[in-house]
Amino acid sequence: MAAKRVCLAYSGGLDTSVILAWLIEKGYTVVGQNEDYDAVKAKAEKIGAERMIIQDLQQELVEELVWPAVQCNAIYEDAYLLGTSLARPVIARAMMKVAKQYNCEFLSHGCKGVRSSLSVYHVLDANLLRMNSGRQALLDFAESKGVPVTSTKQKPFSMDANLIHCSYEAGLLEQPELEPPADMWTMTVDPMKAPDEPTRFTVHFEKGIPIKLEVGDKAVTGSLDIFKAANEIGRANGVGRVDIVESRFIGLKSRGCYDTPGLTILRTAHRDLEGLVMDSKVRAIRDQMVTSNWTACLYNGMYFSPEREFLHNSIIFSQRHVEGKVNMVAYKGSAFVVGRSSDTSNLYSETESSMDTLEGFSPMDTSGFIAIQAIRLEKYGARKIRDGEPLAPI
């Protein structure tokens, strides 16, 4: 009976290297898929993979996942910018194509959660094969089989790196009161050691999407190049480090550390521009209904779902007039806005909002508005006085 073929999402790290060795030991023929380096290919083939397919999915990742995340200012629990979650759909879709091309009967990956698993179930005829072991057991297995891994029992960090970010879990990070080791971070310099000279740059947007980044005497265009340029600005200035305890989809809480330089910068710029050019009511509804739900779809592995498609169309509509440029400064761990402008939006008027002139808008126009808004407040206060209640709690 011929060995069954497995398509493994292989990164070359501890989890997937051990899974690869385990699959080989169990008699499976393994096809590996990854978007990384030749060294990973050599390592996979040395362990025993039938073949390694390396695909460049960076452009697809930026244009199909990162830009919508910027457009809706996606953020999970006010801190996490979804670096791993955004990459899952692209990896899962590529896995399915490879699995079909090479007639694989099973899929496998190194994620212990449910998001990667859910991402592959949008395609039929996919069986998921997983190995159930803790990281210490994985380290023991790797040692017994001579599998080369970078993780050690002293530094057993689970690191998930892609174009967007690098995440860090496990080891001493599971004690949330302890400070992360200074040498753990890989995508940003230590903010304390960042350059003393700030980096000034400008991001241009069209329909909520970055279309140009100017830094120094250089103008960068093209989605992938813009994102890489933002990554470099953030990396050099220590921008984008986050250390949080978050709520997992399955109900547990876990501590995660992330450095997300470029996306932190672009989200900050986009959010600021919306203050200038986006209708306030549309923005409020988008923030309350679309941003939170789109974020949840990505975090929980529901990208290939009807609700995510519905939300995506709402994002596109909300961004029709988000056009302009944002001037920013990156300095020692921070990226902040110092100015913004738009040649197309008419929502902001210097004349109407000026405190130095009454042209275009008269404060007297608000008299009737104030009186109407005060009706229910006056009645609420009168009822409190009648009942002997204080107007405000002490």
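Which element supplies the largest share of the lining of the second largest pocket? Before selecting anything, bear in mind that this is a predicted model, and colour the chain by pLDDT: the mean over the chain is 84, and 75% of its residues reach 70 or more.

Now turn to the second largest pocket, which has a volume of about 220 Å³. Of the 15 residues that line this pocket, select Leu81, Val239, Gly240, Thr264 and Thr268, which are the closest to its centre. Then show β11 (241-247), α8 (261-277) and β14 (334-341), each of which supplies at least two residues of the lining. The opening question is settled here, for the largest share, 4 residues, comes from α8. If the lining is coloured by residue class, it divides into 6 nonpolar, 5 polar and 4 charged residues.

Next, select helix α9 (residues 280-299) together with helix α10 (residues 306-318), and look at how they pack: the angle is about 145°, the axes lie 10 Å apart, and the crossing is left-handed. On the α9 side the contact is made by Val282, Arg286, Met289, Val290, Asn293, Trp294, Cys297 and Leu298, while α10 brings Glu307, Arg308, Leu311, Ser314, Ile315 and Ser318. Sorted by class, this contact of α9 with α10 has 8 nonpolar, 3 polar and 3 charged residues.

By class, the contact of α4 with α9 has 5 nonpolar residues, 1 polar residue and no charged residues.

Conventions
Residues are numbered from 1 along each chain as its sequence is written. This is a predicted model: local features need pLDDT of at least 70, side-chain atom pairs count only at pLDDT 80 or more; totals for chains, interfaces and linings use all residues. Side-chain values use heavy atoms; hydrogens and water are left out. On a 1 Å grid over the protein atoms alone, a cavity is a set of points where a 1.4 Å probe fits but cannot get out, and a pocket is an open set with protein on both sides within 12 Å along at least five of seven lines; lining residues have an atom within 4 Å of a point. Grid points are joined across faces, edges and corners, and a volume is the space filled by probe spheres set on the points. Ala, Val, Leu, Ile, Met, Phe, Trp, Tyr, Cys and Pro count as nonpolar, Asp, Glu, Lys and Arg as charged, and the others, Gly among them, as polar. pLDDT is the predictor's confidence in each residue, from 0 to 100. Axes are lines fitted to C-alpha atoms, for helices over the stretch in contact, and angles run from 0 to 180 degrees between N-to-C directions. A crossing is left-handed if the near helix is turned anticlockwise from the far one by less than a right angle, and right-handed if clockwise. Contact means heavy atoms within 4.5 Å.
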